[in-house]
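Visitor: I am new to reading protein models, and I would like to learn how to go through one feature by feature. Could you take me through this one slowly?

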Amino acid sequence: MSSGQQARAQAAAITPGAVPQEREKPPADRLLALFDGHRLSPGQRRIAQYLIDHLTEAAFLSITELAERVGVSQPSVTRFAASLGFSGYPALRDVLQPMALSAVAGTPDSREQIRHNELQAAVDAEIENLESVRRLLADTNRVLEIGRDLARSVPLTVLGLRISVSLAEYFAYAARRIHPDVRVVTRGGSVAYDALLQSRAAGGSWVMAFAMPRHANETLAALRAARSTGLRVVLITDPTLGPLVEEADVVLTAGTGSRLVFDSYAAPGMLSAALLQAMADADPERTQARLEQYEQVADQHGFFL
């Protein structure tokens, strides 16, 4: 799989009521179901999108023709078929052609309907991710304990590299309202190591880290650097097991919505908000004082409408 941001191709449609048998599903649903549950590289995602948009034509193309139409190499098409569980492109094409013939025969699936269904499926998947977070938060004592540890770490370092930068910056932005010293690390290498070393020297004890897929080697290196300085790590990551979890003292998992071109982070965002609440609850007086001070400054300088 090539480097870069990963995302699954579009998922199967959400069908109300009973789930139909596979043979009864319209061609668009059967095609989308082929991609469901597979993490595809950007190039593979382009192939999947081309098949969705041009099923009746693409199903009868040779591997050379399909590669040219999509703008990828022939080996990329072969790897795409293998990633879906097929022995090669010919085996994938054998499955695609009956779908295409069925579509030509009059199945009323338009491109707009496919797009509508895949967006619904993406929301449905995020609901499942949020349900998992809901179950995780059932143990409120654990969440409150983590919040207390983060609140007591002065300074508190928040780490997020590459795609995880947005989650780290959101957490740090909110945490600064209730915590006296929050430091953000969004660059890897020696920059991250220096920041972590300074945080530890200043009395910090914890790092709040985010690692969403695709997991970068520099994130692993940063977590190891944090541990080497004596800092402890709370890690929010997706459920995929890997070496990152071995470098964390506390691991909280939240699934990413990966059915669309770009991943979505409803579940990690909700988990972040829960930890921020736990930090606020750890020292209510400090929280109230800092929030009131911020509101006064904001009002004086007209920060908000």
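Visitor: Which residues touch the most other members of the largest nonpolar core?

Guide: Before turning to that, please keep in mind that this is a predicted model. The largest nonpolar core holds 31 residues, and those that touch the most other members are L150, F171, M208 and M279.

Visitor: Which elements give two or more residues to this core?

Guide: They are helices and strands from several parts of the chain: α8 (140–152), β1 (156–160), α9 (165–175), β3 (206–211), β4 (232–237), β5 (250–253) and α13 (266–282). The largest share comes from α13, which gives 7 residues.

Visitor: How do β3 and β4 pair, in the parallel or the antiparallel sense?

Guide: The general idea is that in a regular strand the side chains alternate between the two faces of the sheet. In the present case β3 and β4 pair in the parallel sense, over 6 bridges, and F210 stands opposite I236 in β4. Of the 6 residues of β4, 5 are buried, so this strand is largely enclosed by the rest of the structure.

Visitor: Where is G160, and is it buried or exposed?

Guide: G160 has its place in strand β1, and with 0% relative accessibility it counts as buried. Leaving out residues up to four places away in sequence, G160 touches V165, A168, V185, T186 and F210. For one of these, T186, the separation can be given as well: the C-alpha atoms of G160 and T186 are 5.3 Å apart, although the two residues are 26 residues apart along the chain.

Visitor: How many aromatic pairs does a search of the whole structure find, and how should I read one?

Guide: A pair of aromatic rings is described by the distance of the centres and the angle of the planes. The search finds 2 such pairs. In one of them, the rings of F35 and F80 have centres 6.0 Å apart and planes at 50 degrees; an angle over 60 would count as edge-to-face and one under 30 as stacked, so this pair is tilted. Because F35 lies in helix α1 (residues 27–35) and F80 in helix α5 (residues 74–83), the pair ties together parts that are 45 residues apart in sequence. Both partners are enclosed, for F35 is buried at 0% relative accessibility and F80 is buried with a relative accessible area of 1%.

Visitor: What lies over the face of Y173?

Guide: That is R177, at 4.4 Å from the ring centre.

Visitor: How many salt bridges does the count come to?

Guide: The count comes to 7 salt bridges, and a few of them can be read one at a time. The side chains of R183 and D181 meet in one, at 3.2 Å from N to O; R183 is partly exposed at 28% relative accessibility, and D181 is partly exposed at 23%.

Visitor: Which residue forms a salt bridge with E247?

Guide: The partner of E247 is R224, with the closest N and O atoms 3.4 Å apart. E247 lies in the loop between α12 (243–246) and β5, whereas R224 lies in helix α11 (residues 217–229), so the pair ties together parts that are 23 residues apart in sequence. E247 counts as buried at 16% relative accessibility, while R224 is partly exposed at 44%.

Visitor: Which residues are linked in a network of salt bridges?

Guide: The network links R227, R232 and D249. Within it, the side chains of D249 and R227 meet at 3.8 Å, N to O. D249 lies in the loop between α12 and β5 and R227 in helix α11, so this pair ties together parts 22 residues apart in sequence.

Notes
Residues are numbered from 1 along each chain as its sequence is written. This is a predicted model: local features need pLDDT of at least 70, side-chain atom pairs count only at pLDDT 80 or more; totals for chains, interfaces and linings use all residues. Side-chain values use heavy atoms; hydrogens and water are left out. Rings of Phe, Tyr and Trp (its six-membered ring) pair if their centres lie within 6.5 Å; planes under 30 degrees apart count as stacked, over 60 as edge-to-face and the rest as tilted. Helices (H or I, at least four residues) and strands (E, at least two) are DSSP runs, numbered from the N terminus. Buried means under 20% relative accessible area, exposed over 50%, partly exposed in between (1.4 Å probe, protein chains only). A charge sits over a ring if NZ of Lys or CZ of Arg is within 6 Å of the ring centre and within 35 degrees of the ring normal. A nonpolar core is a set of buried Ala, Val, Leu, Ile, Met, Phe, Trp, Tyr and Cys residues joined through side-chain atoms within 4.5 Å. A salt bridge is a side-chain nitrogen of Lys or Arg within 4 Å of a carboxyl oxygen of Asp or Glu. Two strands pair if DSSP finds at least two bridges between them. Contact means heavy atoms within 4.5 Å.
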